[in-house]
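Colleague: I would like to learn how to read a model of this kind feature by feature, with the cut-offs stated as we go. Could we begin with a helix?

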Amino acid sequence: MYALELENVNYTINNVEILKDVNLKLNEGVFLGVVGPNGAGKTTFLKIILGLLKPSRGSVKIFEAPAHGTKTNIGYLPQRKQFDINFPATAFDVVMMGRYKLIGLFNKPRQIDRDMVIRYLNIVGMFDFKDTQFVKLSGGQQQRVLIARSLVSEPKLVILDEPSTGIDVVAQEYLYHFIKHLKHELSLTVIMVTHDIGTITSYVDEVACMNKTIYVHDKPEKSLTRDILAKVYGENINMIEHNEFCMDCNNFRKGK
Amino acid sequence: MDFMQNALIAGIILSFLTGIISIFIILRKLAFIGVGISHAAFGGVALGIYLGINPTLSGIVFSIFVALAIGYVSKRGRIKEDTSIGIFFTSAMALGVILIGISRQYNVDVFGYLFGNILAISRSDIYIIAILGIIVTAILITLSKELLFISFDEEVAKVDGIPVNFLNYLFLVILAITVVIGTKIIGLTLISALLIIPGATAIFLSAKFFKMVTIAITSSIISTICGLMISYYLNVASGATIVLTATAIFFLAFFYASITEKIQSH
């Protein structure tokens, strides 16, 4: 079964074409990295899948059901933003927010919801911080809590928009490694938008190169060639191979 | 003393309400919309005076209309919410000024609506305030988890199927009702203070949501009771004394938090 099917998806706003003829078929259980330059329409692409934007033309299906008008359980980690430094929520409260769609309006969280929150705080290694105010956590810790929030309703499809922004290099590698591990552990289909074309090749199963449309969707070694990247990013691109300069990173990649 | 008793009962109900709302106003950065709706309500009150209908009712209906219009225009148009508020609140006030001018009834009642007049609070006003207060509080308490979620991350709340637009409009309606409830006690021009200051005070004293709400309600009630007492004994406008008391409590909290932070950092 396809986890995601996009057919001739176009998105135009104020006569500006943001997406043009986007076609994609993604098998269940795949970790897809979506790369492309700034303004390539990556976030719009995600928002259409999430149902936040309606395509001007074309169709989107998630697990064979239309994305618009159907209640689909998708885990979503948006682009990192600055949170209000006074926001009165602990890590536990933030993860619990991910259960609200199952709890429903007017209802209070049940024991099963609290158990699930604890389970996912443990999975992301943040149980010890459950009572810490969310905004007091480091960038990497906040991302882990937000990943737990995106997973706590047990979705089969998870969408991550630039999850490593604002996090140091070692923490970025750790995060990718961690997402890959979760994908296997929880049998997830993961779509991750990233700028980090050098590093993600070691973690994702497939890569989609995007600039208004999807140029290539294939295995990383076939998608991230000099020719394709020049087409997507422009001619002035220098490929620098990601070597073993960062030992910690390399260990993560090797699963040590 | 009957009027004082009425004022105290109405004031405590209002303070309870504004205490809860102010937390969401601060967390959602909606302070300007509170100011906007309260000033816009003047248009509704003036319409009531002009048409000879109950100004409280016309004020509530008009404020709800303006609140929804602010939300609609900023959502559908190409302008931001603060611009939309700026347009609606000034034009509603202007409409109020014209209607008052035409009706030739610029008297103490209008002054009372602008700056509060506790002598004008009747038993029936208390019943209206109590019923509306209970309804609004019940809505806020039962929907607090969703309102908090939207305040934290509106986009993810939308993706998760939380009826974000409906709740945003509902919050604006609640805001409009609260503004009009507070008209006689504190006045349209000053009610926004109670929608902002208690929440701002609570931010300095706690990092936990329920504690924050409790602090905001408590500081709001203390401001109202002390303000009413001061206004009674000094024979000055009740709205102004309530606001100044709330401001004094805010600065106490501000200095307390600054001193505590300094001590902790040493």
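Modeller: Let us take helix α13 of chain B, which has 28 residues and reaches 41 Å from its first C-alpha to its last, close to the 40 Å expected at 1.5 Å a residue. The expected span is 1.5 Å times one less than the number of residues, and helices (H or I, at least four residues) and strands (E, at least two) are DSSP runs numbered from the N terminus. This is a predicted model, in which local features need pLDDT of at least 70 and side-chain atom pairs count only at pLDDT 80 or more, while totals for chains, interfaces and linings use all residues. Residues are numbered from 1 along each chain as its sequence is written, and chains are lettered from A and ligands numbered from 1 in the order in which they are written.

Colleague: Which residues of α13(B) are buried?

Modeller: A residue is buried if 20 or more other C-beta atoms, placed from the backbone, lie within 10 Å of its own, exposed if 12 or fewer, and partly exposed in between. In α13(B) the buried residues include B:I242, B:V243, B:A246, B:I249, B:F250 and B:A253. B:K262 also lies in this helix, residues 238–265, but B:K262 is exposed, with 9 other C-beta atoms within 10 Å. From B:K262 to B:F251 there are 11 residues in sequence and 16 Å in space, C-alpha to C-alpha.

Colleague: How many residues of α1(B) are buried?

Modeller: The count is 19 of the 26 residues, so α1(B) is largely enclosed by the rest of the structure. Its end C-alpha atoms, for residues 2–27, are 38 Å apart, which agrees with the 38 Å that the helix should span. After α1(B) comes B:K29, with a positive phi near 55°.

Colleague: What describes two packed helices?

Modeller: Two packed helices are described by the angle between their axes and the distance between the axes. Axes here are lines fitted to C-alpha atoms, for helices over the stretch in contact, and angles run from 0 to 180 degrees between N-to-C directions. For α3 (residues 55–76) and α4 (residues 81–103) of chain B, the angle is about 145° and the axes are 9 Å apart. Among the residues that meet, B:V66, B:A69 and B:V73 belong to α3(B), while B:I85 and B:F88 belong to α4(B); contact requires C-beta atoms, placed from the backbone, within 7 Å.

Colleague: How many residues does each chain give to the contact between them?

Modeller: Chain A gives 17 residues and chain B gives 19. On the side of chain A that touches chain B, the elements giving two or more residues are β6 (74–77) and α3 (100–103) of chain A.

Colleague: And in which sense do the strands β3 and β9 of chain A pair?

Modeller: Two strands pair if DSSP finds at least two bridges between them. Strands β3 (residues 31–35) and β9 (residues 206–211) of chain A are parallel, over four bridges, and A:V35 has A:C209 as its bridge partner in β9(A). By contrast, β9(A) and β10(A) (residues 213–218) run antiparallel, joined by five bridges, with A:A208 opposite A:H217. The hairpin of β9(A) and β10(A) has one residue between the strands, and A:K212 takes a positive phi near 70° there.

Colleague: Which strands form the open sheet in chain A?

Modeller: The order is β2-β1-β4-β5, with antiparallel pairing, and the edge strands, each pairing on one side only, are β2 (16–27) and β5 (65–66).

Notes. Contact = placed C-beta atoms within 7 Å.
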